[in-house]
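Here is a friendly briefing to keep beside the sequence and the 3D view. Take a look at the model first, and then walk through the points below.

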Amino acid sequence: MARRAIREYDAKRLLAKYLPNHLEGFSYPGEVALVTPETNWDALVDENPWLAKEKLVVKPDELFSKRGKLGLLGLNLSLDEVKAWIDEHMGKDQTIGDLTDKLTHFLVEPFVPHEEEDEMFLALRTEREADVVYFSLQGGIEIEEQWETVTQIQVPILSDISEVDVADALTDFEGKERVVLLIRALHKFFCDLAFTYLEINPFVFVDNQVVPLDFVAKLDDTAAFECGHKWGDIEFPVAFGTHLSAEEEYIRSLDQKTGASLKLNVVNPQGRVWTLVAGGGASIVYADTISDLGFGSEMANYGEYSGNPTREETYEYTKTILDLMTREPDPEGKPKYLLIGGGIANFTNVAKTFEGIIQALEEYKEELIENKVRIYVRRGGPHYKEGLQMMRDLGERLGVPIEVYGPETHMTRIVPMALGGKS
Amino acid sequence: MTRPDYELFDRNTTAVINGYHRRPIQRMLDFDYICQRQKPSVASIVNPAGAGLHKAFFGTEEILIPIYGSVAEAASEHPEADVMINFASSRSAFPSTMEALDQPTVRTIAVIAEGVPERKARIMAAVAREREKTIIGPATVGGIAPGCFRVGNTGGTIENIVSAKLNRRGTVGFVAKSGGMSNESFNSIARHTNGIYEGIPIGGDAYPGSTLLDHLLRFEANPEIKMMVCLGEIGGSDEYRIVEALEDGRITKPLVAWAMGTCAKEFPTNLQFGHAGAKASTEKETADAKNAALRQAGAVVPDSYDDFGDRIRETFKSLEAAGEIEPIVEPEVPELPMDYEVAKRQGMVRKSTHFICTISDDRGEEPTYNQIPISQVLERDMGIGGVISLLWFKKELPDYAREFIEMCLQIVADHGPAVSGAHNAIIAARAGKDLISSLVSGLLTIGPRFGGAINDAAHYFKQAFDAGQKPREFVADMKAKGIYIPGIGHRVRSVGNPDVRVTLLKEYAREHFPSNDLLDFALEVEKVTTAKKGNLILNVDGCIGVCFVDMLRGSGCFTEEAVQEIIDLGYLNAIFVLGRSIGFMGHVLDQKRLKQPLYRHPWDDISYL
């Protein structure tokens with residue numbers, strides 16, 4: 001993980017804290033409040049007295065955009081109306097595209113009346129050799145359709161924005177000085193706080209304030225060691241519509257407890273193709289091959305174990321997958337496939353990691369037979385011969401067909417062997 | 001350097017290793033040995049914790065590798081080392097890489113750390129480009145030039161190095177994003193071609209120091225490389241730079257390419273893969289789009305990874321058929337000496353030990369005292385007496401014995417500042433010596449005239465009693481030998497003014513010990529001596545000595561020989577030394593707390609001749 005989306009609330013909070021240092025003649029007061037299921041309204045109003053005094057805007061703050069179009073924007077409301085609006089939406093299922101999730105976080109800020117024609121667009125993103133600033137006088141959700149109005153300004157990675165003639169890059173318009181100053185300030189803010197993406201669309205100038213009406217931002221979480229104190233209490237929410245099943249949650253908790261890596265995503269529990277793959281790269285390649293050979297709809301899970309997990313950890317990981325896999329036989333009585341795959345390990349003792357897997361397989365002997373599971377193994381690396389022999393021996397004990405291959409067989413060949421489509 | 005620009009490593013390449021990582025260093029040297037390099041590839045090590053020498057094996061020989069405190073120092077001492085392998089953490093990878101870039105002698109830097117902030121990685125990459133240097137990584141295992149040079153752990157075990165033909169150069173240039181798939185790819189390419197010429201995993205970050213294309217262009221320029229294999233992945237736009245190079249003719253050699261991550265379309269949401277750069281945000285960044293573009297531009301792109309090996313083989317075979325490939329003579333692979341530890345684990349060697357220990361063991365999960373885990377010692381409330389019985393006597397002595405040992409320790413703990421040991425400790429402390437020196441200064445006075453009475457009393461009383469001497473005979477015998485009976489006599493106490501400590505010890509022994517034979521004998525002896533002079537009583541040392549013997553005998557834990565050995569080996573001295581150390585340290589700490597100055601004995605207290 002490196003680029004992590006943050007809430008609009010956090011982005012505006014950081015903007016209010018750090019941007020005004022670089023501004024002159026106008027500012028950003030950053031009156032924003034976040035409402036969650038735990039929010040105590042009285043305390044929130046105490047901390048943010050403006051909530052009781054001004055007309056307000058309310059919207060969900062859950063890493064998805066186009067809230068206006070979705071009808072999830074409350075404009076020009078009193079505090080009581082905001083409370084009612086949130087009551088109406090809090091904890092309710094919301095469907096966006098093919099994702100459904102409950103709304104839990106809401107951003108509240110002052111309502112700023114303005115003319116739509118004053119809305120501008122500003123974004124910053126990184127490229128390998130430069131940061132790129134995007135600016136347009138035609139801000140708003142239609143920006144993608146009006147991309148020809150966008151000016152791009154490159155700030156080379158080894159330069160400071162003070163060395164870039166921002167004014168020269170822009171056409172002339174009223175209030176240009178403020179925009180130039182804002183771009184310079186925003187770029188400093190962007191670099192100092194390790195943003196990887198930032199989009200303020202639209203924003204307007206009202207009196208002596210810059211008002212970001214919508215704000216999308218991503219931080220580079222690997223910079224936490226140098227920027228964490230500036231970020232303060234930051235949250236990296238999971239994407240809207242992400243639900244972890246109990247099994248995924250369990251593997252995630254195991255993963256967090258160990259130096260090894262254990263990852264599990266259940267894609268389709270009714271799928272008949274299950275993978276138990278060592279290594280992040282290999283896990284992608286196995287999933288690719290299942291998909292490329294036309295069995296994407298049968299792919300049940302995606303994930304990997306690596307980083308020298310203990311016997312206990314591979315046992316728990318395997319058990320979790322076997323449990324999911326054998327809950328009920330295929331309704332049409334078709335066989336299921338377990339691909340115990342992996343490339344050639346660097347230094348991991350393959351035989352040792354297999355011990356935990358074998359222990360779990362033995363425990364699930366009955367269920368494996370009942371579900372007509374066929375197992376294919378492919379792995380290489382230190383002690384692989386020992387490990388593969390252990391798997392072959394297991395096949396005889398288990399009464400479940402197990403085919404075992406080593407580095408002489410192409411890594412993904414067990415996919416067509418199991419699923420057909422190729423010899 | 002006579003090496004062409006397109007060549008990062010050859011058989012003479014040496015490296016500075018930043019970070020004291022012993023295992024990859026040894027793995028590099030082992031690789032050197034099986035490749036029959038003339039000299040080791042590790043020139044020096046940078047360890048900010050301190051300079052020195054590192055011992056490592058080069059084949060059967062042990063060599064010394066210099067360690068320096070800074071990258072600059074290592075570089076100036078080893079100008080021939082043009083590679084730095086940077087094992088610094090994600091935190092310090094940036095400053096150390098920048099320092100390496102500042103060294104005119106360093107040409108290539110491999111950055112191993114995962115989690116280097118993007119902006120820092122971009123700055124490193126830009127500076128390297130400006131100075132025409134190469135950064136591999138961050139977040140990579142490194143890279144390998146078969147038969148020439150291995151970066152750190154690349155290629156895995158020596159068995160894998162040999163089986164993937166990484167001990168000699170082939171003709172295939174290989175570059176990949178993923179480091180985890182590098183061994184698999186090396187193996188696969190070795191099976192389908194005559195092997196790898198150079199293999200570089202550039203690392204999975206969004207902004208690697210060098211790109212897939214950077215390496216492909218080097219391979220293109222290198223006449224030894226006949227074909228190229230590239231394993232890219234979903235996310236980013238690196239592969240499109242390759243497409244451009246194919247289209248504009250900068251790449252002409254056969255290129256077999258594949259972008260991993262075609263499965264992304266099967267997932268309902270954008271799953272973030274393990275690699276930071278692997279998030280497909282636009283259609284163009286999908287693996288399918290990349291594969292199509294590469295195929296369109298003339299690369300050999302399989303239908304799935306499953307055919308990758310087959311396409312590589314076909315491409316190689318057609319080069320071979322065209323007579324482009326010269327046969328390779330397989331070099332001899334010297335057998336790598338096995339490490340002693342490995343051989344021992346496999347039961348291949350044995351050696352006799354130089355030490356024996358029977359009282360404790362720290363190898364398990366928890367250290368044990370005579371096979372009892374320390375936690376149990378605490379749980380069972382065994383006390384210091386119990387610990388002494390386990391570590392000194394290797395027994396679980398009965399409760400009364402453990403309590404008696406603790407009584408002895410309490411009684412002997414201190415005897416004021418004037419006795420020779422305490423005095424010495426105080427003088428040493430006041431001379432500014434540390435706690436241990438001052439303590440030892442006091443302990444060194446313990447011997448025949450100070451502190452040895454307990455052991456001696458036990459010895460003489462036991463000897464006389466066992467020999468069947470009458471108390472009167474014993475006293476006469478000792479007088480004849482000119483020895484004061486140890487444990488008899490007190491400066492101020494007498495029959496009429498008994499020592500309470502002795503009274504308490506006697507009472508305890510009578511109440512708890514199964515037998516009091518030696519105590520009874522000693523008290524008979526006391527009757528004889530006090531008849532001569534009132535202060536010739538059984539003193540506290542004597543009482544401890546004889547009661548200890550009664551305690552040992554009565555416990556039933558020891559044979560007669562064992563009891564004698566305990567006395568001969570000085571166990572009772574040990575009780576005194578241990579107990580009195582408490583007092584000595586008290587005096588030392590007391591003097592230091594009081595900030596007492598250097599002691600100088602006054603002249604008027606010395607008689608000068």
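Cys263(B) counts as buried because its relative accessibility is 0%; buried means under 20% relative accessible area, exposed over 50% and partly exposed in between, with a 1.4 Å probe and protein chains only. This is a predicted model, in which local features need pLDDT of at least 70 and side-chain atom pairs count only at pLDDT 80 or more, while totals for chains, interfaces and linings use all residues. Residues are numbered from 1 along each chain as its sequence is written, chains are lettered from A and ligands numbered from 1 in the order in which they are written, and side-chain values use heavy atoms, with hydrogens and water left out.

**Cysteines**

- Over all chains, the structure holds zero disulfides, a disulfide being a pair of cysteine sulfur atoms within 2.5 Å.
- Cys263(B) is in no disulfide, and the nearest cysteine sulfur, that of Cys230(B), lies 18 Å away.
- For Cys408(B), also in no disulfide, the nearest cysteine sulfur belongs to Cys547(B), 8.0 Å away.
- Cys408(B) counts as buried because its relative accessibility is 0%.

**The four-stranded sheet of chain A**

- In chain A, four strands make an open sheet in the order β2-β7-β3-β4, with antiparallel pairing; helices (H or I, at least four residues) and strands (E, at least two) are DSSP runs numbered from the N terminus, and two strands pair if DSSP finds at least two bridges between them.
- The edge strands are β2 (33-35) and β4 (74-77) of chain A; each has a single partner strand, so one side of each has no neighbour in the sheet.
- Neighbouring strands of this sheet are turned by 25° against each other on average, direction ignored; axes are lines fitted to C-alpha atoms, for helices over the stretch in contact, and angles run from 0 to 180 degrees between N-to-C directions.
- Strands β3 (residues 56-60) and β7 (residues 106-110) of chain A run antiparallel and are joined by five bridges, with Lys59(A) opposite Leu107(A) in β7(A).
- Helix α1 (residues 8-18) of chain A packs on the sheet and touches β2, β3 and β7 of chain A, at about 40° to the direction of β7(A); contact means heavy atoms within 4.5 Å.
- Helix α4 (residues 79-89) of chain A also packs on the sheet, touching β2, β3, β4 and β7 of chain A, and its direction makes about 10° with that of β3(A).

**Helix α13 of chain A**

- Buried residues in α13(A) include Gly387(A), Leu388(A), Met391(A), Leu394(A), Gly395(A) and Leu398(A).
- Exposed Lys385(A) and Glu396(A) sit on the face of α13(A) turned away from its buried side.
- The cover over the buried residues of α13(A) includes β17 (336-342), α11 (350-363), α12 (365-370), β18 (373-378) and β19 (402-405) of chain A.
- Gly399(A) follows α13(A) and has a positive phi, near 75°.

**The seven-stranded sheet of chain B**

- Chain B has an open sheet of seven strands with mixed pairing, in the order β3-β4-β2-β1-β5-β6-β7.
- At its edges stand β3 (52-58) and β7 (134-136) of chain B, each with a single partner strand, so one side of each is left without a neighbour in the sheet.
- Strands β1 (residues 15-18) and β5 (residues 83-86) of chain B pair in the parallel sense over four bridges, and Met84(B) in β5(B) is the bridge partner of Val16(B).
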